[in-house]
Amino acid sequence: MSQLIRLPTVDSTMDLLHGLAAEGAEAGTVAVAGEQTGGRGSRGRSWQSPPGGLWLSVLLRPSSADGVELIGLRIGLAVTEVMAALGPGVPVEIKWPNDLMVGDRKLGGILCEARWQGASLAWVVAGVGINVANPIPPELRGMATSLAERLHGITPQVIEPAVAAGLRALDTSTERLRPSEQSALRQRDWLYGRHLLAPVSGIAQGIADDGALLVRRSGGEIVSVRAGTVELADQSLTP
């Protein structure tokens with residue numbers, strides 16, 4: 001049976017699960033920390049993880065590498081469903097490829113790391129960080145937000161069971177987004193219609209069923225972007 005590990009402080013829940021995965025831990029094992037001292041975000045950035053936030057990771061063992069690039073988006077959908085159940089005061093959207101947004105401020109992020117054995121996928125560890133009741137540093141208040149700003153008395157313990165259950169129930173068996181997933185993404189696509197400078201210049205036009213970002217260039221051509229850093233034309237809205 002997969003484990004649920006809770007620790008008051010850990011360097012990184014992702015590193016903890018990578019270590020356990022190498023020792024044979026089962027898919028669905030979840031690690032939750034009250035605080036991370038070495039949390040990390042995308043592109044090698046550090047991720048501040050003080051007490052009061054929800055910092056957790058899940059171990060996944062997909063049967064093949066097909067669909068691995070969709071895991072981050074699928075986790076985003078699972079988390080936004082949990083947030084929707086909290087009420088209309090927390091309208092969380094997904095910013096391709098891995099951010100959770102409320103309005104024009106970042107609520108959380110998702111990071112997926114795969115490990116391989118030769119040419120075969122061994123496992124994936126997916127980390128989720130959500131600002132719940134942790135203080136937002138003054139220098140980030142214009143770009144980041146927390147659930148406590150909208151829901152008085154909210155704590156990580158309130159949402160942890162539902163988030164952990166959503167991660168454990170993740171279906172990674174298909175290499176394309178299902179129609180229901182595409183429909184949900186269209187409703188929660190924070191980038192749709194926004195003007196981008198990068199990863200390519202143009203207007204965001206949604207997310208393809210393979211997880212690529214669709215962008216309409218100035219000449220009308222729609223291109224697919226599979227990786228890159230998003231930069232908005234409106235710099236004030238780029239967390």
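Residues are numbered from 1 along each chain as its sequence is written, and side-chain values use heavy atoms, with hydrogens and water left out. In this predicted model, local features need pLDDT of at least 70 and side-chain atom pairs count only at pLDDT 80 or more, while totals for chains, interfaces and linings use all residues.

**Exercise 1.** Determine where Glu 35 is placed and which residues it contacts beyond its sequence neighbours.

*Solution.* 
1. Glu 35 is located in the loop between β2 (30–33) and β3 (54–60); strands are DSSP runs of E with at least two residues, and helices are runs of H or I with at least four, both numbered from the N terminus.
2. Its relative accessible area is 27%, so Glu 35 is partly exposed. Buried means under 20% relative accessible area, exposed over 50%, and partly exposed in between (1.4 Å probe, protein chains only).
3. Contact means heavy atoms within 4.5 Å. With neighbours within four places in sequence set aside, Glu 35 is in contact with Pro 8, Thr 9, Val 10, Ser 49, Pro 50, Pro 51 and Trp 55.
4. Between Glu 35 and Leu 54, which are 19 residues apart along the chain, the C-alpha separation is 8.5 Å.

**Exercise 2.** State which parts of the chain the pair Arg 6 and Glu 160 ties together, and classify both residues by accessibility.

*Solution.* 
1. A salt bridge is a side-chain nitrogen of Lys or Arg within 4 Å of a carboxyl oxygen of Asp or Glu. For Arg 6 and Glu 160, the closest N and O atoms are 2.7 Å apart, and the two form a salt bridge.
2. Because Arg 6 belongs to strand β1 (residues 4–7) and Glu 160 to helix α3 (residues 156–168), the pair ties together parts that are 154 residues apart in sequence.
3. Arg 6 has 54% relative accessibility and is therefore exposed, whereas Glu 160, at 7%, is buried.

**Exercise 3.** How many salt bridges does a search of the whole structure find, and which residues are linked in a network?

*Solution.* 
1. The search of the whole structure finds 14 salt bridges.
2. One of them joins Glu 113 to Arg 115, with the closest N and O atoms 3.8 Å apart. Glu 113 is buried at 14% relative accessibility, and Arg 115 is partly exposed at 35%.
3. The network of salt bridges links Asp 15, Arg 40, Glu 113 and Arg 115.
4. Arg 178 and Glu 181 also form a salt bridge, their closest N and O atoms being 3.2 Å apart. Arg 178 is partly exposed at 25% relative accessibility; Glu 181 is buried, with a relative accessible area of 12%.
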